Amino acid sequence: MSLPRLSLIFATAVLVGCFVSGCSSSTRSVKAASVKPDKERKPAPDFALKDADGKVVHLADYRGKVVLLDFWATWCGPCKIEIPWFMEMQRKNKDKGFEVLGVAMDDEGWEAVKPFVTDLRVNYRVVIGNDATAELYGGVDALPTTFLIDREGKIAAVHVGLTSKKDFEDGVAELLQTPTTAVPGRAAVPAIIGAKY
Amino acid sequence: MLLFLPLSAQNTKQYLTIGELPKVAGKRSAAVQARIPVTVQMGFHVNSNAPKDEYLIPLKLTWKSTGVLEAGQVVYPKPSLEKYEFAESPLSVYTGAFELVTNFKVAANAPAGPGVAAGQLRYQACNDRACFPPKTIEINLPYQVQ
């Protein structure tokens with residue numbers, strides 16, 4: 001087979017491949033099955049909870065970033081599987097406008113949570129949640145429950161219970177593809193008590 | 001003679017239920033036994049009284065006030081070791097139906113008549129993908145000294 005003919009076959013294969021899987025001049029587009037279309041997303045209710053240093057954390061402070069909001073507890077086995085994944089995602093994506101925020105639902109508060117996050121060397125911010133916070137997010141009961149929040153502060157995906165690492169990675173990758181339009185910083189987000197997401 | 005009447009418990013959203021106790025009779029100074037039937041909802045498990053992981057919340061029966069009964073040791077059943085997707089090693093858990101036994105002794109000077117022993121059962125349940133906040137069931141155990 002001649003060289004021009006081989007080149008033609010190769011070029012055709014590339015074109016067919018692009019048609020089937022999609023091509024772009026930059027990175028390949030990721031479409032996560034669990035991420036809702038933009039028009040179906042509801043605002044993530046704001047909250048003010050304290051971190052380990054006693055500093056008040058408002059969710060609205062994260063506007064402009066993709067946020068993985070994880071409700072968890074030290075007594076939750078499935079949560080322990082996911083936390084290392086979130087640590088890895090935090091490391092990989094922090095510079096791309098991504099943050100993990102853990103909301104620990106332990107009744108004992110930092111007394112129980114601090115040793116745990118120290119043991120696991122959790123590299124993202126953790127706050128202590130309460131029933132009111134859980135209620136804001138539709139009455140979180142099963143743990144882990146994880147919300148993916150887009151750059152505009154809207155809930156793009158909800159995962160209840162242990163979820164595959166790939167689901168999280170694909171969801172975050174898709175949301176990070178959307179360029180920032182929101183102005184970073186606090187903004188008023190309506191809190192809808194008991195709303196289901 | 002001591003008479004144990006059916007146990008009452010106030011259940012809200014529970015993953016574990018307390019069954020009815022058989023009637024038990026005993027005398028003053030007698031050792032008597034309360035066998036509390038417990039059932040964990042199908043598809044769920046609760047940590048045993050001695051989970052292997054220090055962060056897990058054990059099942060625990062605590063008697064808060066027992067009247068003329070002197071509360072002895074609570075005897076927990078042998079747990080089973082179950083492997084779940086979310087844990088690297090098998091967990092020490094209870095599933096299905098089991099009994100919690102408490103050995104009481106009736107006070108030597110107990111007056112004849114009825115009474116109630118009050119206790120709490122604390123547990124924490126999970127299924128194979130998620131865990132649920134710890135719950136407490138109030139237990140009111142009526143008894144009769146005869």
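Helices and strands in these notes are DSSP runs, numbered from the N terminus. I am working from a predicted model.

**Entry 1: the cis bond.** I found a cis bond joining A:Leu143 and A:Pro144, with omega at about 0°. A:Pro144 sits in the loop that runs between α4 (131-136) and β7 (145-149) of chain A. Most peptide bonds are trans, and most residues other than glycine have a negative phi.

**Entry 2: positive phi.** I then went through the phi angles. A:Arg121 is not a glycine, yet its phi is positive, about 55°. I placed A:Arg121 in the loop between α3 (110-120) and β6 (125-128) of chain A. Is A:Arg121 buried or exposed? I counted 8 C-beta neighbours inside 10 Å, so A:Arg121 is exposed.

In chain B I noted B:Ser29, whose phi is near 70°, again a positive value in a residue other than glycine. B:Ser29 lies in the loop between β3 and β4 (31-40) of chain B. It has 12 C-beta neighbours inside 10 Å. The cut-off for exposed is 12 or fewer, so B:Ser29 counts as exposed.

**Entry 3: a helix pair in chain A.** I checked how α2 (residues 77-93) packs on α5 (residues 165-177) in chain A. The angle is about 25° and the axes are 11 Å apart. Angles under 35 degrees count as roughly parallel, and α2(A) and α5(A) are therefore roughly parallel to each other. Their crossing is right-handed.

Which residues meet here? From α2(A) I listed A:Trp85, A:Met89 and A:Asn93; from α5(A), A:Lys165, A:Phe168, A:Glu169, A:Val172 and A:Leu176. Sorted by class, this contact has 5 nonpolar, 1 polar and 2 charged residues.

**Entry 4: a sheet in chain B.** I traced an open sheet of 4 strands in chain B, in the order β3-β4-β10-β7, with antiparallel pairing. Why is one side of β3 and of β7 left without a neighbour in the sheet? β3 (16-18) and β7 (69-75) of chain B stand at the edges and each has a single partner strand, so one side of each has no neighbour in the sheet. Neighbouring strands of the sheet are turned by 30° against each other on average, direction ignored.

For β7(B) I followed the pairing with β10 (residues 97-106) of chain B, which is antiparallel and runs over 5 bridges. The bridge partner of B:Glu70 in β10(B) is B:Lys105.

**Entry 5: between the chains.** I counted 14 residues of chain B in contact with 15 residues of chain A. The chain B side has 11 nonpolar, 1 polar and 2 charged residues.

Definitions and conventions. Residues are numbered from 1 along each chain as its sequence is written. Chains are lettered from A and ligands numbered from 1 in the order in which they are written. This is a predicted model: local features need pLDDT of at least 70, side-chain atom pairs count only at pLDDT 80 or more; totals for chains, interfaces and linings use all residues. Two strands pair if DSSP finds at least two bridges between them. Helices (H or I, at least four residues) and strands (E, at least two) are DSSP runs, numbered from the N terminus. Axes are lines fitted to C-alpha atoms, for helices over the stretch in contact, and angles run from 0 to 180 degrees between N-to-C directions. Angles under 35 degrees count as roughly parallel, over 145 as roughly antiparallel, 65 to 115 as roughly perpendicular and the rest as oblique. A crossing is left-handed if the near helix is turned anticlockwise from the far one by less than a right angle, and right-handed if clockwise. Two residues are in contact if their C-beta atoms, placed from the backbone, lie within 7 Å. Ala, Val, Leu, Ile, Met, Phe, Trp, Tyr, Cys and Pro count as nonpolar, Asp, Glu, Lys and Arg as charged, and the others, Gly among them, as polar. A residue is buried if 20 or more other C-beta atoms lie within 10 Å of its own, exposed if 12 or fewer, and partly exposed in between; C-beta atoms are placed from the backbone.
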